[in-house]
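Here are my notes for you, one colleague to another. Please keep the model open as you go through them.

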Amino acid sequence: MPVFARAAVVALLALAVSAPLPASAQEDVPWTVSTAANDFGADRENYRYTVEPGDLLDDALVVANRGAQPLDLAVYSADGFTTKTGQLDLVTKDTPSTGVGAWVRPAVDHVTVAPGQSTEVPFTVAVPESASSGDHAGGIVTSLTQGGVERRVGIRVQLRVGGGLAPALAVEDLAVHYSGSAFGEGDATLTYTIRNTGNAIVAARQTASVSGPFGAWRTDAAPIGDSPQLLPGETWPVSVPVSGVVPSVLVTGSVTLVPLLTDAAGSITPLESVETTAEGWAVPWLLLVLVVVIGAGLILWRLVPAAGKRRQREAHAAA
């Protein structure tokens, strides 16, 4: 389940280590957060802004206390990152933010909410003049620390800074690993890393195959799931099994990525694909052993008669 449910991320922090919980864990804490209704809209799932360097805008977060006791919550903003499980999380409070976490500035660092009540927390988004074009992700967080454990609930903040959007992906470190049986076809594994080399948040649609020389005996991998959405500069490791590969001594692994760009309305646009290939060894060991055995037999077949004739000549000479 995604970490953000209606763009809300909940994380349990212990010993300064972030451990994401399921998004439904917001039900396990006595408060909720939502976007404020204003000129930006009502019932927004998260905060999305299209801005220019130097822009300044104001918005607000609504915090509701569902419990029976007053709540004193810390409020702060933080940069986002993609976890190893493919979920968007936010860095911890003591981790310096340099992007959205530094640009979003809550009006207060603590808020007290009475039982059954809600309150708005204003915040300002100050985009620096030096902000790079493209997508930037982070969030605004409310948290409660009890017994040395911080429980936090927040909402995603995504900015698209003008100046030119250039979504792009690359395949890095592609390798082909073959593990065949003594008879017939074998299995191969393609390993590679997807890198977001552009300035937009994108996911990757993936296809892969393995073929012999000149494209012969091509075998496609089973359908591969899309990668998670990757922030600019992030990477995602992939390992793809391919069954039924013909051991043609030298094989070629091929990976094709189609960047998937999501707009503010949630529509997904497939972009121009990128393809990368790499070669690897797929040796038919049984055939190799047979060739060696036959070769050795031919050599012996030629050497034995030759040795017999030589001995006969030596015997005649001695006589």
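The points below cover the sheets, an aromatic cluster, some phi values and a surface patch.

1. Ground rules. This is a predicted model, in which local features need pLDDT of at least 70 and side-chain atom pairs count only at pLDDT 80 or more, while totals for chains, interfaces and linings use all residues. Residues are numbered from 1 along each chain as its sequence is written, and side-chain values use heavy atoms, with hydrogens and water left out.

2. Four strands form an open sheet in the order 4-6-11-9, with antiparallel pairing. Strands here are DSSP runs of E with at least two residues, numbered from the N terminus, and two of them pair if DSSP finds at least two bridges between them. Strand 4 (31–35) and strand 9 (104–106) are at the edges with a single partner strand each, so one side of each has no neighbour in the sheet. From one strand to the next the twist averages 30°; the axes behind this angle are lines fitted to C-alpha atoms, and angles run from 0 to 180 degrees between N-to-C directions.

3. Strand 9 pairs with strand 11 (residues 118–126) through three bridges in the antiparallel sense. Arg105 belongs to strand 9, and its bridge partner in strand 11 is Thr124. Please look at Phe123 here too: its C-alpha atom is separated by 5.4 Å from that of Arg105, although the two residues are 18 apart along the chain. Arg105 has a relative accessible area of 48%, so it counts as partly exposed; the classes are buried under 20%, exposed over 50% and partly exposed in between, with a 1.4 Å probe and protein chains only.

4. The aromatic cluster. One aromatic cluster is formed by Phe40, Tyr47, Tyr49 and Phe123. Rings of Phe, Tyr and Trp (its six-membered ring) pair if their centres lie within 6.5 Å, with planes under 30 degrees apart called stacked, over 60 edge-to-face and the rest tilted. By this rule there are three aromatic pairs. The ring centres of Phe40 and Tyr49 lie 5.3 Å apart with the planes at 75°, so this pair is edge-to-face. Tyr47 and Phe123 are also edge-to-face, at 5.1 Å centre to centre and 85° between the planes. Because Tyr47 lies in strand 5 (residues 47–51) and Phe123 in strand 11, their pair ties together parts 76 residues apart in sequence.

5. Strand 13 and its partners. Strand 13 (residues 149–161) is mostly covered, with ten of its 13 residues buried. Strand 5 runs parallel to strand 13 and is joined to it by five bridges; in this pairing, Arg48 has Gln158 as its bridge partner.

6. Strand 15 (residues 186–196) and strand 18 run antiparallel with nine bridges between them, and Ala188 stands opposite Val242.

7. Two residues to check. Which phi values are positive in a residue other than glycine? Asp43 has phi near 55°; it lies in the loop between strand 4 and strand 5 and is exposed, at 68% relative accessibility. Val249 has phi near 75° and lies in strand 19.

8. The surface patch. Val249, Leu250 and Trp281 form a nonpolar patch with about 300 Å² of accessible area together. Patch residues have over 30% relative accessible area and no salt bridge; nonpolar side chains (Val, Leu, Ile, Met, Phe, Trp, Tyr) are joined within 5 Å, like charges within 9 Å. A salt bridge is a side-chain nitrogen of Lys or Arg within 4 Å of a carboxyl oxygen of Asp or Glu, and the areas come from the Shrake-Rupley method with a 1.4 Å probe, where for residues only the protein chains shown count as cover. Val249 is partly exposed at 38%, and Leu250, in strand 19 (residues 249–262), is partly exposed at 31%.
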